[in-house]
Amino acid sequence: MTHPPVPQGNYVAAKRHGDLVHTSGMTPRDNGVLMFKGAVSPGVPLESYQAAVELAAKNALASARLLMAPHEKVVGVLSLTVYIAAEPKFTAHASLADFASTYLQREIGDDGIGCRATIGVASLPGNASVEIQLVAIIAHC
């Protein structure tokens, strides 16, 4: 990702209160272009969606990091919400969301794993396959 995520409507990408940063929902965009579209299908291997989930998680983490001072870093994820535009018979929501959790753990460490909700929806903005929202914990380094 070359540029930080830009809101696609009348909202901010992230908001900070104390040492917590809440992000808006982030879709798998690269330089403002939605890279992964369409509903997640039960007939497609989960790994086919890994890049979409990781890109959305990367955008959420990048949005949180934009609100840090130079001497701060993201030290944990308090909560993670993964929305999946899923076809009705798709049931592997938690397994798909594991790609986001694993990405955040790789980026932050074990505290990158937080509480999580995974929700199947009929559609997402722009026909995105996935949308991710998180609450990050910021600390002075």
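Modeller: Let us begin with a term. Helices and strands are DSSP runs, numbered from the N terminus, a helix having at least four residues and a strand at least two. Please keep in mind that this is a predicted model.

Colleague: What is the order of the strands in the open sheet?

Modeller: In general, strands of a sheet pair through backbone hydrogen bonds, either parallel or antiparallel. Here five strands form an open sheet in the order β1-β2-β7-β5-β6, and the pairing is mixed. At the edges stand β1 (14-17) and β6 (115-121), each of which pairs on one side only. On average, neighbouring strands of this sheet are turned by 20° against each other, direction ignored.

Colleague: How many bridges join β1 to β2, and how many join β2 to β7?

Modeller: Strand β2 (residues 20-23) runs antiparallel to β1, and four bridges join the two. Between β2 and β7, also an antiparallel pair, there are three bridges.

Colleague: Which way do β5 and β7 run, parallel or antiparallel?

Modeller: They run antiparallel, joined by 11 bridges. As an example of a pair, Ile84 has Val130 in β7 as its bridge partner.

Colleague: Which strands does each helix lie across?

Modeller: Helix α1 (residues 50-65) lies across β1, β2, β5 (72-85) and β7 (130-140), and runs at about 35° to β7. Helix α2 (residues 93-108) lies across β5, β6 and β7, at about 165° to β5. As for β7, this strand is mostly covered, with eight of its 11 residues buried; buried here means under 20% relative accessible area.

Colleague: How many cavities of 30 Å³ or more does the structure hold, and what lines the largest cavity?

Modeller: The general idea is that rolling a probe the size of a water molecule over the atoms shows where empty space is left. The structure holds one cavity of 30 Å³ or more, and about 40 Å³ of space lies in the largest cavity. The lining consists of Val77, Leu80, Ser101, Leu104, Gly112, Ile113, Gly114, Cys115 and Arg116. By class, five of these residues are nonpolar, three are polar and one is charged.

Terms used:
Residues are numbered from 1 along each chain as its sequence is written. This is a predicted model: local features need pLDDT of at least 70, side-chain atom pairs count only at pLDDT 80 or more; totals for chains, interfaces and linings use all residues. Side-chain values use heavy atoms; hydrogens and water are left out. Two strands pair if DSSP finds at least two bridges between them. Axes are lines fitted to C-alpha atoms, for helices over the stretch in contact, and angles run from 0 to 180 degrees between N-to-C directions. Contact means heavy atoms within 4.5 Å. On a 1 Å grid over the protein atoms alone, a cavity is a set of points where a 1.4 Å probe fits but cannot get out, and a pocket is an open set with protein on both sides within 12 Å along at least five of seven lines; lining residues have an atom within 4 Å of a point. Grid points are joined across faces, edges and corners, and a volume is the space filled by probe spheres set on the points. Ala, Val, Leu, Ile, Met, Phe, Trp, Tyr, Cys and Pro count as nonpolar, Asp, Glu, Lys and Arg as charged, and the others, Gly among them, as polar. Buried means under 20% relative accessible area, exposed over 50%, partly exposed in between (1.4 Å probe, protein chains only).
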